[in-house]
Amino acid sequence: MESKDILVLTDISEGMKIRLIRLSKGLRQIDVASQANVQPIDITRLEKGRYVLPTHRKRILTVLGLLEKDNESD
């Protein structure tokens, strides 16, 4: 039986959480950008806590599995 480690992080920014989730999925920023149909700079901005257009933010979070995909087209 394999042992699994648990990492508990507290007091980290939302952008850092998004970055860690992306990395845990083995995705590069360019991979997420391509799947979300946004520019890689949008991923960088989101991970640094900077402004990203709401529609782009929604697409990025959907690709990362943090939002459910809906039937609306952006």
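**View A. Glu47, a buried partner in a salt bridge.** Glu47 is buried in this predicted model, with a relative accessible area of 10%. Its side chain forms a salt bridge with Arg22, and the closest N and O atoms of the pair are 2.6 Å apart. Because Arg22 belongs to helix 1 and Glu47 to helix 3 (residues 40–47), the pair ties together parts of the chain that are 25 residues apart in sequence. Arg22 is likewise buried, its relative accessible area being 4%. A network of salt bridges links Arg19, Arg22 and Glu47.

**View B. The surroundings of Arg22.** Arg22 is part of helix 1. When neighbours within four places in sequence are left aside, the contacts of Arg22 are Leu27, Arg28, Gln29, Val32, Ile43, Glu47 and Leu64. Arg22 counts as buried, at 4% relative accessibility, whereas Arg28 counts as exposed, at 54%. Arg28 also takes part in a salt bridge of its own with Asp31, with an N to O distance of 2.8 Å.

View C. Glu14 and Arg57 form a salt bridge in which the closest N and O atoms are 2.7 Å apart. This pair links distant parts of the chain, for Glu14 is in helix 1 (residues 14–24) and Arg57 is in helix 4 (residues 54–63), 43 residues away. Glu14 is partly exposed, with a relative accessible area of 46%. Arg57 is partly exposed as well, with a relative accessible area of 26%. The count for the model comes to five salt bridges.

**View D. The whole chain, for orientation.** Four helices and zero strands make up the elements of the chain, which run α-α-α-α from the N terminus on. The chain has 74 residues, and 26% of them are buried. Of the contacts with a separation of 6 or more, 35% are between residues 24 or more positions apart. The accessible surface of the chain is about 5,900 Å², and carbon and sulfur atoms account for 50% of this area.

**View E. The buried side of helix 1.** Which residues of helix 1 are buried? They are Gly15, Ile18 and Arg22. These residues lie on the same side of helix 1, because they cover an arc of only 60 degrees around its axis. In an α-helix there are 3.6 residues a turn, so residues three or four places apart point the same way. The buried residues of helix 1 are packed against helix 2, helix 3 and helix 4. After helix 1 comes Gly26, which has a positive phi, near 70 degrees.

**View F. The two sides of helix 2.** Val32, Ala33 and Ala36 are the buried residues of helix 2. Seen down the axis of the helix, these residues fall within an arc of 100 degrees, so they line one face of helix 2. Ser34 and Gln35, on the other side of helix 2, are exposed. The cover over the buried residues of helix 2 includes helix 1, helix 3 and helix 4.

**View G. The largest nonpolar core.** This core has 12 residues, namely Ile18, Leu27, Val32, Ala33, Ala36, Val38, Ile43, Leu46, Val52, Ile60, Leu61 and Leu64. At least two of its residues come from each of helix 2 (29–36), helix 3 and helix 4. Which helix gives the most to this core? Helix 2 does, with three residues. One of the core residues is Val38. Apart from its neighbours within four places in sequence, Val38 is in contact with Ala33, Ile43, His56, Arg59 and Ile60.

**View H. A nonpolar patch on the surface.** Leu7, Leu9, Met16, Leu20 and Leu23 make a nonpolar surface patch of about 460 Å². Leu7 has its place in the segment before helix 1. Is Leu7 buried or exposed? Leu7 is exposed, because its relative accessible area is 69%.

Key:
Residues numbered from 1 in each chain as written. Predicted model: local features only at pLDDT ≥ 70, side-chain atom pairs only at ≥ 80, totals over all residues. Heavy atoms only, no water. Salt bridge = Lys/Arg side-chain N within 4 Å of Asp/Glu carboxyl O. Buried < 20%, exposed > 50% of the residue type's maximum accessible area, 1.4 Å probe, protein only. Core = buried A, V, L, I, M, F, W, Y, C linked by side-chain atoms within 4.5 Å. Contact = heavy atoms within 4.5 Å. Patch = residues over 30% accessible without salt bridge, like charges linked within 9 Å, V, L, I, M, F, W, Y side chains within 5 Å. Areas by Shrake-Rupley, 256 points an atom, 1.4 Å probe, with all protein chains shown as cover. Arc of directions from axis to C-beta.
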